[in-house]
Amino acid sequence: MTAPERPAAYSGPTPVPPYAPRPGRTPPEAVAQPAVPPVAAARSLLVPLYVHPALDPGAWRALEQAAGRLYGVVVNVADGPGAGPPDTVVAAAARRLRAAGVRLFGYVDTNYAARPAREVARDLRRHQDWYGVSGVFFDRVASGRDRLRYYRRVAVAARRGGARAVVLNPGVHPDPGYAAVADLLVTYEGSWEDYTAAAVPGWTAAHPPSRFCHLVYGVPGAAAARAVARTAAGRGAAVHCAVPGGPPNPWQYVPSGAA
């Protein structure tokens with residue numbers, strides 16, 4: 001996934017004190033297994049909105065209005081929280097979403113388990129301190145069983161640091177062991193054309209649909225977006241996102257159903 005573009009005239013953030021304290025540490029006994037949050041059927045949209053609020057304030061406002069339909073929104077400033085200081089425009093937009101009842105997930109790149117765990121933890125802390133996120137969206141996640149230990153480690157650390165929900169995005173169906181690590185597992189990220197023919201392995205049937213998400217781009221119109229929702233549900237994924245855009249950054253658009 002691509003970080004949001006800043007507006008051409010953007011002069012950079014100004015230092016401000018963090019407005020939302022990081023949640024307290026979770027007791028170790030509470031992090032052994034994912035605590036799947038109860039999500040109503042209507043809250044089926046996980047939205048990675050990778051456009052700066054100064055470039056498209058309407059997109060961010062649309063998500064405030066669609067709060068009741070959102071599983072959550074992924075906050076991504078610069079392929080993560082950025083190096084700092086916090087971006088005050090993003091912070092204000094995040095604050096409005098939280099006030100509307102939207103759960104926020106901080107985008108954290110794992111580079112397919114090659115990124116040091118301490119850097120991963122640092123990015124999540126910055127997201128919590130600067131943008132008030134309550135969950136984490138781990139991106140560029142590996143899918144092989146040989147990397148499971150890494151993701152167990154970073155997921156446990158995230159929960160101990162206050163993350164209430166952990167999303168893993170391998171973008172494909174990974175080894176079944178990943179389902180025991182994540183609260184939500186993104187098992188498809190790709191184009192509408194490929195999605196129509198995508199297969200689902202049998203092991204997913206052992207888990208409730210609320211544990212799986214499909215992210216689909218290049219979706220040509222509202223009728224196709226409704227087809228994505230039906231297809232995701234039929235394939236055992238209760239959470240999805242369908243946007244019209246394509247590479248390099250399809251996630252700068254508000255999905256159908258949230259606009």
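**Aromatic pairs, nonpolar cores and helix packing**

Tyrosine 50 and tyrosine 107 are both buried (under 20% relative accessible area, with exposed meaning over 50% and partly exposed in between; 1.4 Å probe, protein chains only). The model is predicted, so local features need pLDDT of at least 70 and side-chain atom pairs count only at pLDDT 80 or more, while totals for chains, interfaces and linings use all residues. Residues are numbered from 1 along each chain as its sequence is written, and side-chain values use heavy atoms, with hydrogens and water left out.

The whole structure holds 9 aromatic pairs. Rings of Phe, Tyr and Trp (its six-membered ring) pair if their centres lie within 6.5 Å; planes under 30 degrees apart are stacked, over 60 edge-to-face, and the rest tilted. The ring centres of tyrosine 50 and tyrosine 107 are 5.7 Å apart and the planes meet at 85°, so this pair is edge-to-face. It links distant parts of the chain, 57 residues apart. Tyrosine 50 lies in the loop between β1 (45–48) and α1 (57–65), and tyrosine 107 in strand β3 (residues 104–109). Helices (H or I, at least four residues) and strands (E, at least two) are DSSP runs, numbered from the N terminus. Ring pairs join Tyr50, Tyr107 and Phe137 into a cluster.

The criterion is NZ of Lys or CZ of Arg within 6 Å of the ring centre and within 35 degrees of the ring normal. The charged end of arginine 103 sits over tyrosine 71, 4.4 Å from the ring centre. That of arginine 235 sits over tyrosine 195, 4.7 Å from the ring centre.

A nonpolar core is a set of buried Ala, Val, Leu, Ile, Met, Phe, Trp, Tyr and Cys residues joined through side-chain atoms within 4.5 Å. The largest comprises 63 residues. Leu63, Val73, Phe138, Tyr151 and Leu168 have the most contacts inside it. Helix α4 (residues 148–160) supplies the largest share, 6 residues. Contacts are heavy atoms within 4.5 Å. A second, separate core has 18 residues, including Tyr50, Tyr71, Leu215 and Tyr217.

Helix α6 (residues 222–234) has 13 residues. The expected span is 1.5 Å times one less than the number of residues. For α6 this gives 18 Å, and the end C-alpha atoms are 18 Å apart, which agrees. Its buried residues are Ala224, Ala225, Ala227, Val228 and Ala232. Glycine 236 follows α6, with a positive phi near 80°.

Alanine 225, in α6, counts as buried because its relative accessibility is 7%. Leaving aside residues up to four places away in sequence, alanine 225 touches Val219, Ala242 and Ser256. Its C-alpha lies 8.6 Å from that of proline 244, 19 residues apart in sequence.

Helix α2 (residues 88–99) has 12 residues and reaches 16 Å between its first and last C-alpha, close to the expected 16 Å. Val90, Ala91, Ala92, Ala93, Ala94 and Leu97 are its buried residues. These pack against α1, β2 (70–75), β3 and α3 (117–131).
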